[in-house]
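Please look at the sequence and the structure below before reading on.

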Amino acid sequence: MTQSLPQTPVSPSPSYSLADWRGGTLSLAEEFDYAITDIEGTVPVELQGTLFRNGPGLLDIGGVPLKHPFDGDGMVCAFRFDRGQVHFRNRYVRTPGYLAEQAADRILYRGVFGTQKPGGWLANAFDLRLKSIANTQVLYWGGKLLALWEADRPYRLDPHSLATLGEESFDQVLAPGTAFAAHAKVVPAAGSRPTRLVSFGLKPGLSTALTIYELNEQGQVVQQQQRSLPGFAFIHDFAVTPNYCIFFQNPVQFNPLPFLLGLRGPGECIQFQPHQPTRIWIVPRDGQGEMLCLNTDACFVFHQVNAWEQSGQIGLDSICYDRFPSLDPQQDYRQVDFAALPPGQLWRFELDLASKTVQRHCLKTRCCEFPTLHPAKVGQDYRYLYLAIAAAAEGNAPLQGLMKIDLQTGAEQIWSAAPQGFMGEPVFVPKPTGEKSFPEHWEEDGWILALVYDAHHHRSDLVILEAAHLQAGPIARLHLKHHIPYGLHGSFVDQVFSPSP
Ligand code: CO
């Protein structure tokens, strides 16, 4: 009798290697300033302006790796597009913590996501100082370039040199230490409402104090309102329509004890509560009237995609996780098992204001993050959405491709940089000729800009794609001379800030 061969377990071959991915988690300590000359394809001459990007640039200090990349000091990049020529510059935000740690060449502060000072828990216990790291978003508003991090005030930078000018208070509105969210939203004018920058800040306590700020185009705070949310709130992003701000209060508990005792970072003290609802807060922007609270089944949201008003309802798209995608505090994040974490997925919510009910359904199950759309469609019903996606259709994995979704028809376009390319956040840039050149489809008449980490060459490329023809791939690939560590968010300004003013 012949024995059958033992069965080899069949595991789907991943679209990436962890060693390749890890290359994008190395620090970039150097600050560069050069014209990009290594270009495949052609940079459109009509693409005029500056792409700013922010993200953690230092993943180690004095050779000691951080516990989590989100604890890394903010490094801002500027790509200046001027008549087909592109200039690159990167600089660190000179926060007091960055300057002190660079001078000491060692970790002096604990990080929100678990970075500890050397010396074990005794060296960390009851040290509750956190380092402001200005690493999450960078945007230009009211003549000021601002590096944002949600637990502190913005840092103002010179848009030409990227030199740090200091903390921004908006004419003394923000006292030192005031939290100002990284996901400020530019809300286009609608009806009689002018264009506004809308943002918020959270102050923890037994209940959470929520402050909503509205800034005019001159950069002045013209309205602020305060609300109180029950219990602990972890809210990274929000959605805004002409009349409402919408916040998802994720069902999490915060147990500060391991943080106080020097064992964990505060971000590692968050526990998902799967049997508690996610609370959806709908706050009237005019500050009048009660806010509404609607409940939906437990889910976790970092990023909101967009929201719009439609006859007594608010439609809202989110990137949802079925639980908090936390890492094992004992594990080195560079060894992370992506497949063991839940994927972010695109969900649509319909919020009925009269009946106070929520309908929701999943639009796309594919792992995705970093949504973007035409800036004129923020707060409006919209048709086209762009996302960074995993290469495989199922499961969680690093982001390696781009997807465009036509929300009217459900049609998808995909471009993938797998197996050795790793995708950053896409940014949609409208063409200056937009409504004229392509009147039926002006909403998709633009370019998608994204940074891709190329593990094969250990360098990063800025890719430019036609938004209308995403699946055709880049019309230009700009090869940098070095890599850029995986970043977070960025924005495009149609002004060209020359390297020297
Ligand atoms: Co974010």
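The structure holds 29 aromatic pairs. The model is a predicted one.

**A tilted pair**

- Phe52 and Phe497 form an aromatic pair, with 6.0 Å from centre to centre and 45° between the planes, and the pair is tilted.
- This pair links distant parts of the chain: Phe52 belongs to strand E3 (residues 49–56), while Phe497 is in the segment after E35, 445 residues apart.
- Is Phe52 buried or exposed? Phe52 has 0% relative accessibility, so it counts as buried, given that buried means under 20%.
- Phe497 also counts as buried, because its relative accessibility is 4%.

**An edge-to-face pair**

- The ring centres of Phe200 and Phe238 are 5.1 Å apart and the planes meet at 65°, so this pair is edge-to-face. The cut-off for that label is an angle over 60 degrees.
- Here too the pair links distant parts of the chain. Phe200 lies in strand E13 (residues 196–203), and Phe238 lies in the loop between strand E15 (221–230) and E16, 38 residues apart.
- Phe200 and Phe238 are both buried.

**An aromatic cluster**

- Which residues form one aromatic cluster? They are Tyr16, Trp21, Phe338, Phe422, Tyr453 and Tyr486.

**Lysines over rings**

- Lys404 lies over the face of Tyr384, 4.6 Å from the ring centre.
- Lys481 lies over the face of Tyr34, and its distance from the ring centre is 4.6 Å.

**The second largest pocket**

- The volume of the second largest pocket is about 1,300 Å³.
- How many residues line the second largest pocket? There are 46, and those nearest its centre are Val186, Pro375, Phe428, Ser491 and Phe492.
- Several strands give two or more residues to this lining, among them E8 (137–141), E12 (185–187), E16 (239–240) and E22 (300–310). Strands E26 (368–372), E31 (427–430) and E35 (490–493) also give two or more residues.
- Strand E22 supplies the largest share of the lining, with five residues.
- Sorted by class, the lining of the second largest pocket has 25 nonpolar residues, 14 polar residues and seven charged residues.

Notes:
Residues are numbered from 1 along each chain as its sequence is written. This is a predicted model: local features need pLDDT of at least 70, side-chain atom pairs count only at pLDDT 80 or more; totals for chains, interfaces and linings use all residues. Side-chain values use heavy atoms; hydrogens and water are left out. On a 1 Å grid over the protein atoms alone, a cavity is a set of points where a 1.4 Å probe fits but cannot get out, and a pocket is an open set with protein on both sides within 12 Å along at least five of seven lines; lining residues have an atom within 4 Å of a point. Grid points are joined across faces, edges and corners, and a volume is the space filled by probe spheres set on the points. Helices (H or I, at least four residues) and strands (E, at least two) are DSSP runs, numbered from the N terminus. Ala, Val, Leu, Ile, Met, Phe, Trp, Tyr, Cys and Pro count as nonpolar, Asp, Glu, Lys and Arg as charged, and the others, Gly among them, as polar. Rings of Phe, Tyr and Trp (its six-membered ring) pair if their centres lie within 6.5 Å; planes under 30 degrees apart count as stacked, over 60 as edge-to-face and the rest as tilted. Buried means under 20% relative accessible area, exposed over 50%, partly exposed in between (1.4 Å probe, protein chains only). A charge sits over a ring if NZ of Lys or CZ of Arg is within 6 Å of the ring centre and within 35 degrees of the ring normal.
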